[in-house]
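Please keep the sequence and the model in view while reading.

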Amino acid sequence: MSQPLTHLNARGEAHMVDVTAKNVTEREARAQAYVSMAPETLALILSGQHHKGDVFATARIAGIMAAKKTSDLIPLCHPLALTKVEVEIAPEPEQQRVRIDTLCKLSGKTGVEMEALTAASVAALTIYDMCKAVQKDMVIESVRLLEKRGGKSGHFVAGEKQ
């Protein structure tokens with residue numbers, strides 16, 4: 001954790017990192033989020049009877065769109081030409097929650113971690129938004145980077161000693 005904060009210049013001011021001289025490499029990131037909810041709320045989603053329509057399909061599209069808009073949402077992020085965005089949503093009834101797993105890929109000069117995290121976050125927020133009329137105390141939790149590949153910093157897997 002001794003790496004310098006690259007989004008600060010010599011005067012300590014925020015700036016966008018110059019990636020001009022970096023090599024183009026294959027880059028990939030996976031992220032995850034959970035939405036915990038009452039069993040009745042999850043059953044409503046799974047039954048297809050939710051009055052707002054297909055909650056998971058809408059959340060999946062929202063996550064994909066969010067990944068593509070990350071540089072508009074997060075200051076100092078580079079706009080990226082993503083080549084793949086995947087948002088998988090899986091119910092986990094035993095834990096009274098929904099798991100969201102995302103994957104972002106590209107060939108480029110900077111990583112896609114923020115895009116994967118943004119996709120997971122916005123998919124979770126969309127599930128909340130679509131279901132808030134049914135249940136207001138749902139909890140979005142454990143938004144985290146699971147894995148990243150490519151670039152100078154190499155391969156990272158959550159939970160592995162770095």
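The points below go from the overall fold to the sheet, the helix packing and the cavity.

1. Basis of the note. This is a predicted model, in which local features need pLDDT of at least 70 and side-chain atom pairs count only at pLDDT 80 or more, while totals for chains, interfaces and linings use all residues. Residues are numbered from 1 along each chain as its sequence is written, and side-chain values use heavy atoms, with hydrogens and water left out.

2. Overall fold. The protein contains four helices and five strands. Helices (H or I, at least four residues) and strands (E, at least two) are DSSP runs, numbered from the N terminus. Along the sequence these elements follow the pattern β-α-α-α-β-β-α-β-β. The C-alpha trace spans about 55 × 35 × 30 Å along its principal axes.

3. The sheet. An open sheet is formed by five strands in the order E2-E3-E1-E4-E5, with antiparallel pairing. Two strands are taken to pair if DSSP finds at least two bridges between them. Strand E2 (84-92) and strand E5 (156-157) are the edge strands, each pairing on one side only.

4. Strand E3 and its neighbours. Strand E1 (residues 25-36) and strand E3 (residues 97-108) run antiparallel and are joined by 12 bridges. Within this pairing, Thr 25 has Gly 108 of E3 as its bridge partner, and Ala 31 stands opposite Thr 102 in E3. E2 also pairs with E3 in the antiparallel sense, over nine bridges. Here Glu 88 is partnered by Asp 101 of E3, and Glu 92 by Arg 97 of E3. The hairpin of E2 and E3 has four residues between the strands, and in this hairpin Gln 96 takes a positive phi near 55°.

5. Surroundings of Ser 36. Ser 36 belongs to strand E1. Leaving aside residues up to four places away in sequence, Ser 36 touches Gln 96, Arg 97, Met 138, Val 139 and Glu 141; contact means heavy atoms within 4.5 Å. The C-alpha atoms of Ser 36 and Pro 93 are separated by 9.7 Å, although these residues are 57 residues apart along the chain.

6. Helix packing. Helix H2 lies across E2 and E3 and runs at about 145° to E2. Axes are lines fitted to C-alpha atoms, for helices over the stretch in contact, and angles run from 0 to 180 degrees between N-to-C directions. How do H2 and helix H4 (residues 113-131) cross? Their axes come within 7 Å and cross at roughly 145°. The contact includes Ala 59, Ala 62 and Ala 66 of H2, and Ala 119, Val 122 and Ile 127 of H4. The residues of this contact divide into 11 nonpolar, four polar and one charged. Ala, Val, Leu, Ile, Met, Phe, Trp, Tyr, Cys and Pro count as nonpolar, Asp, Glu, Lys and Arg as charged, and the others, Gly among them, as polar.

7. The cavity. A search of the whole structure finds one cavity of 30 Å³ or more. On a 1 Å grid over the protein atoms alone, a cavity is a set of points where a 1.4 Å probe fits but cannot get out, and lining residues have an atom within 4 Å of a point. Grid points are joined across faces, edges and corners, and a volume is the space filled by probe spheres set on the points. The largest cavity holds about 40 Å³ of space. Among its lining residues are Lys 68, Thr 70, His 78, Leu 82 and Glu 115. Helix H2 (55-68) and helix H3 (70-73) are the elements that give two or more residues to this lining. The lining residues divide into four nonpolar, three polar and three charged.

Technical notes
1 Å grid on protein atoms, 1.4 Å probe; cavity = no way out; pocket = protein on both sides within 12 Å on 5 of 7 lines; lining within 4 Å.
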